[in-house]
Amino acid sequence: MAHVRKTTHSRKTASRKKTSARRSTTRKSTKRATPKRWSQRVTKESDALDLKRGVFKLTSPKRIAASLKRSAEHSTRRKTGAYRSALSMLTFYINRAGKTLPKTQRERLEKAKVELKRAFGRE
């Protein structure tokens with residue numbers, strides 16, 4: 001009897017492997033259909049903010065902060081307060097850029113965080 005159970009168990013395991021192999025091929029085809037850059041889709045389609053085009057490429061931290069504040073206050077898509085939404089989008093951009101973000105631009109965006117606090121009176 002013990003031998004029969006062992007055989008039954010190995011059959012179940014074998015059938016599971018076949019099932020999981022089928023699933024993985026399905027997932028691969030699904031993966032190709034999704035956009036390559038999910039962060040771009042998040043920026044465009046999320047309920048965060050309606051940002052002005054090129055806001056993170058502005059040269060002045062004050063202008064970046066002012067633009068983010070304006071977008072946050074006028075957006076109907078945000079779920080939290082204006083300050084939190086603006087800061088979240090700025091942080092999201094910095095984090096997603098990662099190591100590819102030039103040091104000068106990273107410093108400018110970090111200064112924009114400070115300016116955003118000032119703009120919202122949260123020093």
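Which hand does the crossing of α3 and α5 have? I looked it up, and the crossing is right-handed (left-handed would be the near helix turned anticlockwise from the far one by less than a right angle, right-handed if clockwise).

Ground rules before I go on. This is a predicted model, where local features need pLDDT of at least 70 and side-chain atom pairs count only at pLDDT 80 or more, while totals for chains, interfaces and linings use all residues. Residues are numbered from 1 along each chain as its sequence is written, and side-chain values use heavy atoms, with hydrogens and water left out.

**Entry: α3 and α5**

I have α3 at residues 61–74 and α5 at residues 103–119, with axes that come within 8 Å and cross at roughly 55°. Axes here are lines fitted to C-alpha atoms, for helices over the stretch in contact, with angles from 0 to 180 degrees between N-to-C directions. The pair is therefore oblique (under 35 degrees is roughly parallel, over 145 roughly antiparallel, 65 to 115 roughly perpendicular, the rest oblique). On the α3 side I noted Pro61, Lys62, Ile64, Ala65, Leu68 and Lys69 in the contact; α5 brings Arg108, Leu109, Lys111, Ala112, Glu115, Leu116 and Ala119. Contact means heavy atoms within 4.5 Å. By class I get 8 nonpolar, no polar and 5 charged residues (nonpolar is Ala, Val, Leu, Ile, Met, Phe, Trp, Tyr, Cys and Pro; charged is Asp, Glu, Lys and Arg; the others, Gly among them, are polar).

**Entry: α3 and α4**

Next I checked α3 against α4, residues 82–97: the axes come within 8 Å and cross at roughly 130°. α3 and α4 are therefore oblique too, and this crossing is right-handed. Leu68, Ala72 and Glu73 of α3 meet Ala82, Ala86 and Leu90 of α4. The class count is 5 nonpolar, no polar and 1 charged. Leu68 turns up in the contact with α5 and in the one with α4.

**Entry: whole protein**

I find 5 helices and 0 strands (DSSP runs numbered from the N terminus: helices are H or I, at least four residues; strands are E, at least two). Of the 123 residues, 26% count as buried (under 20% relative accessible area; exposed is over 50%, partly exposed in between; 1.4 Å probe, protein chains only). Among contacts between residues at least 6 apart in sequence, 61% join residues at least 24 apart.

**Entry: Gln105**

Gln105 sits in α5. Is Gln105 buried or exposed? I have it as buried, at a relative accessible area of 12%. Leaving out residues up to four places away in sequence, Gln105 touches Phe56, Lys57 and Tyr93.
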